[in-house]
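Please look through the model shown here with the report below at hand.

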Amino acid sequence: MSEWKAKRFWTEAQVVEAQDGYAVELDGRPVRSPLRTHVVMPTFALAQGVADEWQAQEGTIDPLSMPLTRAVNAALDKVIPQHAEVAGHLAEYGSSDLLCYRAAGPGELVERQLAGWDPLLDWLDQTYGARLAVTQGVIPVAQPANASQVLRTHVADMSAWDLTALSELVTLSGSLVLALAVMDGHLPAPAAWDLSRIDESWQIEQWGADEEAAELAASKRASFLQAVTYLALVRQP
C-alpha cells in the first residue's frame, strides 16, 4: 500500500505581519507546525525564506527540500517549550568536546589536530574565559568547573531561535567549541566542518573513501551549512 503524501493545494505563499513577528500564509491560510503551532517568526528575512520554500513546492510536498521550514518547526515545537532542557543538553557537549580528545599517533595526525584545534581552544578561553582540558584517547577528562559553568550560562542565555541553529551545529560536528566559533563569526562554516572531520579525512587518505560513508558525510555537511543559512536569516531584520 503506497504511503499518502500531502500535495500542493495553494497558489501563493505570502509573508504577512503577525503579533510578535511575521507569518506565512498559503492563499490566506496560516502555515502551522506539525504540532499545530501558528508559525510566527522573529524576522521578515526568515519568513520570506520559509515562504520561498513553500512556493517552490510542486505537486507532492517534499519536507526534505524545506530546511528553513523544518528548523522553524523545531524551534516552535521543541526548543521553545523545552528551552532549559535543550540548552543544558547542548552545553554538556563542552564536557566531552571533540576538540579535547586527541590521537596519540601517528605524528602527522597529532600535528593536524594540534594546528587545527588548539587555536580554537585558545579563542574560547580568550572570548569566554573557558579553558578546556585536552587529553589523548577516549578516556573522559574532567573539565574545570568554572569553564563548564561559563558555557552553560552562555548557552542558556541564547534565544530559542539561536539555540535551534546551535543544536544542528553541535550535534552534526560533535563540538560546542566549533559551533560557537561559527555562531560568533570567528570561523566560516565550511572551515569549521573541515576541522570537525580531521580524523575522518586522515582515515580516507590512508585507506580510501567508502561511498556510503561519503554520501552520509556530504548530507551532514549540507545540513551544517543550512543551519548557518537559517541563523543568518534569524539575525537579519
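This is a predicted model: local features need pLDDT of at least 70, side-chain atom pairs count only at pLDDT 80 or more; totals for chains, interfaces and linings use all residues.

Residues are numbered from 1 along each chain as its sequence is written, and side-chain values use heavy atoms, with hydrogens and water left out.

**Aromatic pairs**

The structure holds five aromatic pairs, where rings of Phe, Tyr and Trp (its six-membered ring) pair if their centres lie within 6.5 Å, and planes under 30 degrees apart count as stacked, over 60 as edge-to-face and the rest as tilted. The rings of tyrosine 22 and phenylalanine 44 have centres 5.8 Å apart and planes at 80 degrees, so this pair is edge-to-face. Because tyrosine 22 lies in strand β2 and phenylalanine 44 in helix α1 (residues 44-55), the pair ties together parts that are 22 residues apart in sequence; helices (H or I, at least four residues) and strands (E, at least two) are DSSP runs, numbered from the N terminus.

Tryptophan 193 and phenylalanine 224 form a tilted pair, with 5.4 Å from centre to centre and 50 degrees between the planes. This pair links distant parts of the chain, since tryptophan 193 is in helix α8 (residues 189-196) and phenylalanine 224 is in helix α10, 31 residues apart. Ring pairs also link Phe9, Trp10 and Trp54 into a cluster.

The table gives the accessibility of the residues in the two pairs described, where buried means under 20% relative accessible area, exposed over 50%, and partly exposed in between (1.4 Å probe, protein chains only).

| Residue | Relative accessibility | Class |
|---|---|---|
| Tyrosine 22 | 24% | partly exposed |
| Phenylalanine 44 | 38% | partly exposed |
| Tryptophan 193 | 4% | buried |
| Phenylalanine 224 | 0% | buried |

**Backbone angles**

Most residues other than glycine have a negative phi, and most peptide bonds are trans. Aspartate 27, however, has a positive phi near 50 degrees, and its place is in the loop between β2 (21-26) and β3 (29-30). Arginine 36 has a positive phi of about 70 degrees although it is not a glycine, and it is exposed, with a relative accessible area of 58%. The peptide bond from glycine 105 to proline 106 is cis, with omega near -5 degrees, and proline 106 is in the loop between β5 (101-102) and α4 (107-128).

**A surface feature**

Glutamate 211, in helix α10 (residues 211-234), is exposed, with a relative accessible area of 61%.
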